[in-house]
Amino acid sequence: PLLLLLLITGFIIYKISKKAGLSENKSRLTSLIWYLNPITIYSGVMMGQNDILAILPFMVGLLFYFDNPIIAFTLFGLGGSIKSFPLIWAIALAGVYPTKSWFRKISLALIPVIFYLVTILPFLKYDYFVRDVLNSGLAMRVFELTLNLGGINLPVVPLMLIIITLIGIKNDMGKNYI
């Protein structure tokens, strides 16, 4: 099943590339890069890592990002219910969503967060869930790499995401779309 999901994800990457205006050959190349990427082959096919369960809904969400953002951010929430990285990217993508309305941006950012909370709500009563899932080393790994600024440790990955989002907002990335 993981191999099938990896193949479908490659097709979604092709569709996103075509939608972004790339030529047929370049769109095929983007899929080929996905299929032949050593990390994709090793983690998905050889090791059987389940990251593809979060990557596929996230990529399908990217396909709908401009045309139907409600579906896109709901799919980001679905991916985030499996692994946390789609939630982080969803919040950044909401920040740069091509609209001048901050209410719309915040609403879009809340969709995956609410979806995530609804999916974990039934399990919060179990101590093992809170201990092994919410407080796991895997969930907190994004905060491990830090930059020491005179005794203050800044987490690098969230800091980079915030900087990228702010640059996107400042440069009005979506001004030609909506």
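Modeller: Helix axes are lines fitted to C-alpha atoms over the stretch in contact, and the angle between two of them runs from 0 to 180 degrees between N-to-C directions. The structure discussed here is a predicted model.

Biologist: At what angle do helix α4 and helix α6 pack?

Modeller: Helix α4 covers residues 52-64 and helix α6 covers residues 85-95. Their axes are 10 Å apart, and the packing angle is about 20°.

Biologist: Are α4 and α6 roughly parallel or roughly antiparallel to each other?

Modeller: The angle between α4 and α6 is about 20°. Angles under 35 degrees count as roughly parallel. The relation of α4 to α6 is therefore roughly parallel.

Biologist: Is the crossing in which α4 passes α6 left-handed or right-handed?

Modeller: A crossing is right-handed if the near helix is turned clockwise from the far one by less than a right angle. For α4 passing α6, the crossing is right-handed.

Biologist: Is α4 roughly parallel or roughly antiparallel to α5?

Modeller: Helix α5 spans residues 69-80, and its axis lies 8 Å from that of α4 at an angle of about 170°. Angles over 145 degrees count as roughly antiparallel. The relation of α4 to α5 is therefore roughly antiparallel.

Biologist: By class, what residues does the contact of α4 with α5 have?

Modeller: On the α4 side are Ala54, Pro57, Phe58, Val60, Gly61, Leu62 and Phe64. They meet Pro69, Ile71, Ala72, Leu75, Phe76, Leu78 and Gly79 of α5. Gly counts as polar. By class, the residues are no charged, 2 polar and 12 nonpolar.

Biologist: Is α1 roughly parallel or roughly antiparallel to α2?

Modeller: The axes of helix α1, residues 2-19, and α2 come within 8 Å and cross at roughly 150°. The crossing is right-handed. With over 145 degrees as the criterion, α1 and α2 are therefore roughly antiparallel.

Biologist: How many charged residues does the contact of α1 with α2 have?

Modeller: Residues of α1 in this contact include Leu6, Phe11, Tyr14 and Lys18, and those of α2 include Glu24, Ser27, Arg28 and Trp34. Asp, Glu, Lys and Arg count as charged. The contact divides into 7 nonpolar and 6 polar residues, and the number of charged residues is 3.

Biologist: Is serine 27 buried or exposed?

Modeller: Serine 27 is found in helix α2, residues 24-36. Its relative accessibility is 0%. Buried means under 20%, so serine 27 counts as buried.

Biologist: The backbone nitrogen of which residue does the side chain of serine 27 reach?

Modeller: Serine 27 touches Tyr14, Ser17, Lys18 and Leu22, leaving out residues up to four places away in sequence. Its side chain comes to 3.3 Å from a backbone nitrogen, that of lysine 18.

Biologist: Which residues does lysine 18 touch, not counting residues up to four places away in sequence?

Modeller: Lysine 18 is found in helix α1. Its relative accessible area is 34%, and it is therefore partly exposed. With sequence neighbours up to four places away left out, lysine 18 touches Ser27, Glu24 and Ser23.

Biologist: Is asparagine 25 buried or exposed?

Modeller: Asparagine 25 also has its place in helix α2. Its relative accessibility is 58%. Exposed means over 50%, so asparagine 25 counts as exposed.

Biologist: How far apart in space are lysine 83 and isoleucine 52, C-alpha to C-alpha?

Modeller: Lysine 83 lies in the loop between α5 and α6. Beyond four places in sequence, it is in contact with Asn50, Asp51 and Ala54. Lysine 83 and isoleucine 52 are 31 residues apart in sequence, and their C-alpha distance in space is 9.6 Å.

Biologist: The backbone nitrogen of which residue lies 3.3 Å from a polar atom of the side chain of threonine 99?

Modeller: Threonine 99 is found in the loop between α6 and α7. At 17% relative accessibility, it counts as buried. Beyond four places in sequence, its contacts are Arg104 and Lys105. The backbone nitrogen 3.3 Å from its side-chain polar atom belongs to serine 101.

Definitions and conventions. Residues are numbered from 1 along each chain as its sequence is written. This is a predicted model: local features need pLDDT of at least 70, side-chain atom pairs count only at pLDDT 80 or more; totals for chains, interfaces and linings use all residues. Side-chain values use heavy atoms; hydrogens and water are left out. Helices (H or I, at least four residues) and strands (E, at least two) are DSSP runs, numbered from the N terminus. Buried means under 20% relative accessible area, exposed over 50%, partly exposed in between (1.4 Å probe, protein chains only). A polar contact is a pair of N or O atoms within 3.5 Å; within protein, one must be able to donate a hydrogen and the other to accept it, and residues adjacent in sequence count only if both atoms are side-chain atoms. Contact means heavy atoms within 4.5 Å. Angles under 35 degrees count as roughly parallel, over 145 as roughly antiparallel, 65 to 115 as roughly perpendicular and the rest as oblique.
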